[in-house]
Amino acid sequence: MNPFPELHKYDGLGLAELVRTKQISPAELVEYAIARIEAHNPKINAVIHRMYDKARKVAESKLPEGTFMGVPFLLKDATDTVEGEPTSSGTSILRNIPRLRDNEIVQRYRAAGLIFLGKTNVPEFCLLPYTEPKAFGPTCNPWDLTRTAGGSSGGSAAAVAACLVPLAGGTDGGGSIRTPASCCGVFGLKPTRGRTPSGPEVGDLWRGFAQEHVLTRSVRDSAAMLDAIAGPDVGAPYWAPPIERPYLQEVTAEPGRLRVAFTSHPFLGKDVHEDCKKGLEATVRLLERLGHEVVEAAPKVDKEAFSLAYLTMVAAETRAEVDSISSLVGRKTSLSDFETGTRAMALLGHTVTAGEYAKALNYLYASARAISSFFEDYDVLLTPTLSQPPVPIGSLQPSEVEHFLIGLQSRLNFAWLMKAFHVINALANKIFDFMPYTPVSNVTGQPAMSVPLYWNESNLPIGMHFVGRFGDETTLLRIAGQLERAQPWFDHTPPGFSLTFRM
């Protein structure tokens, strides 16, 4: 009989210690996690591809003696490619096509001792801040099953929040780790540009704006995983500055007195919900009690110019990805194979000239330099992670009129109409209104994190967003550790997910 009936109350490092001291076996951990997935996943739809048979075989074999030896793990069903397993990226035409090899970050996860149980739900091509793909259905928020889990790493965030596994894979190109972390009340760190690998198939995710990492319940799990996976892979176009000592040691180190700027003014959207402002005010008071200097200030961001340039980049990248699918599926694809949001971005991408694409990137790179200069005077920038608490499922989807117009344009192949009707602008504004802060640090390449410090009166989590200087995850992890000690969140878990198992 399993002597630890509540293994879901351990973080990843805690479980690894049980394995290392032979108090429990990897096989027992795998069976426990599988039991939790099978019991709870029908409610949240976080796991959309299971790899149980392989996981059981790995658990019985000799594991690498890495930091997370024997710990169950879920991969994000997008950039985390596994030999012989499909990577659907949320689209139905890829759901049954096995990939030829492990990518670099999956190899590093394996070396850390993790055991893969399956893959988590994502929006199609990870384009959206909500996880509601037609191919697999929506992922529900464990705190309120009618609400979004965020995206694009929504399946991973929901799985971690529901304690199916202690940590799960994520990717962040505009807030895709931090947005679902905020929605689901877990910890999510986006590393500095170049800190984690993206190869070998992908040379540079979204021109360097996207980074790989994990979602966790504890800060120390995130730090330890970053230690395990950080560093350039062969052929990387650039890499982040080296660190002086392991990140795990920084979590318990005092950050000293920091100069923290804060603002509730949205960088890209229009309004910020009162609950998010209350969370920010409470966090400011907490930081002041901890001895930090907190000043209301923020870098300047030209909303319209920044949004247009970012949208141009995403549209062009989406078009390139859609066009490349044919080689994977072995047939010529059309826009009708994809969802409305993907079709809209691909149509817009078809209208983008090489000159417009280059101009957009040049603007974003110049903006990054200007925004980064703000951090010459401040150690950290604090905002809410999102402008709203988790919104109802379906509320960010295109309207019926938008569905009709995009469908009509794709059937007629009138890509130029996307600009004329401004349909894409309406869709983009809806998205940026929800996530007005997170894309900025993707463009600058700075590390940023969502910390689960506030729940509103409806018991919905509202993350607080901290941005550090380029290359300085150290300061972020120190202050995250300090906040975790001062206002612990690890045991604040969604009601209805406490079921335990004995083997």
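Asp172 is buried, with a relative accessible area of 0%. Its salt-bridge partner is Arg178, with the closest N and O atoms 2.8 Å apart. Arg178 also counts as buried, at 0% relative accessibility. The model is a predicted one, and the distances and angles that follow are computed from it.

Salt bridges were then examined across the model. The count comes to 23. One of them joins the side chains of Glu31 and Arg56, at 2.6 Å from N to O. Glu31 lies in helix H2, residues 26-44, and Arg56 lies in helix H3, residues 52-60, so the pair ties together parts that are 25 residues apart in sequence. Glu31 is partly exposed, with a relative accessible area of 30%. Arg56 is partly exposed as well, at 32%.

Arg147 is partly exposed, with a relative accessible area of 25%. Asp144 is likewise partly exposed, with a value of 24%. Asp172, by contrast, is buried at 0%, and so is Arg178.

Helix packing was examined for H4 and H7. Helix H4 spans residues 104-111 and helix H7 spans residues 219-229. The two pack at an angle of about 115°, and their axes are 9 Å apart. Their crossing is right-handed. On the H4 side, the contact is made by Ile105, Arg108 and Tyr109. On the H7 side, Met225, Ala228 and Ile229 take part. The residues of this contact divide into five nonpolar, no polar and one charged. Arg108 is the charged one, because Arg counts as charged.

Backbone geometry was considered next. Two cis peptide bonds are described here. A cis peptide bond joins Gly151 and Ser152, with omega at about 5°. Ser152 lies in the loop between strand S5, residues 144-148, and helix H5, residues 154-161. The peptide bond from Gly199 to Pro200 is also cis, with omega near 5°. Pro200 is placed in the loop between strand S7, residues 187-190, and strand S8, residues 211-216.

Asn45 has a positive phi of about 55° although it is not a glycine. Asn45 is found in the loop between H2 and strand S1, residues 47-50. Helix H2 is the helix that holds Glu31. Phe125 has a phi near 55°, again a positive value in a residue other than glycine. The loop that holds Phe125 runs between strand S3, residues 115-120, and strand S4, residues 140-141. Phe125 counts as buried, at 5% relative accessibility.

Ala426 is found in helix H15, residues 423-434. At 36% relative accessibility, Ala426 counts as partly exposed. Ala426 and Pro398 are 28 residues apart in sequence. In space, the C-alpha atoms of Ala426 and Pro398 are 9.0 Å apart.

Conventions
Residues are numbered from 1 along each chain as its sequence is written. This is a predicted model: local features need pLDDT of at least 70, side-chain atom pairs count only at pLDDT 80 or more; totals for chains, interfaces and linings use all residues. Side-chain values use heavy atoms; hydrogens and water are left out. Axes are lines fitted to C-alpha atoms, for helices over the stretch in contact, and angles run from 0 to 180 degrees between N-to-C directions. Helices (H or I, at least four residues) and strands (E, at least two) are DSSP runs, numbered from the N terminus. A crossing is left-handed if the near helix is turned anticlockwise from the far one by less than a right angle, and right-handed if clockwise. Contact means heavy atoms within 4.5 Å. A salt bridge is a side-chain nitrogen of Lys or Arg within 4 Å of a carboxyl oxygen of Asp or Glu. Buried means under 20% relative accessible area, exposed over 50%, partly exposed in between (1.4 Å probe, protein chains only).
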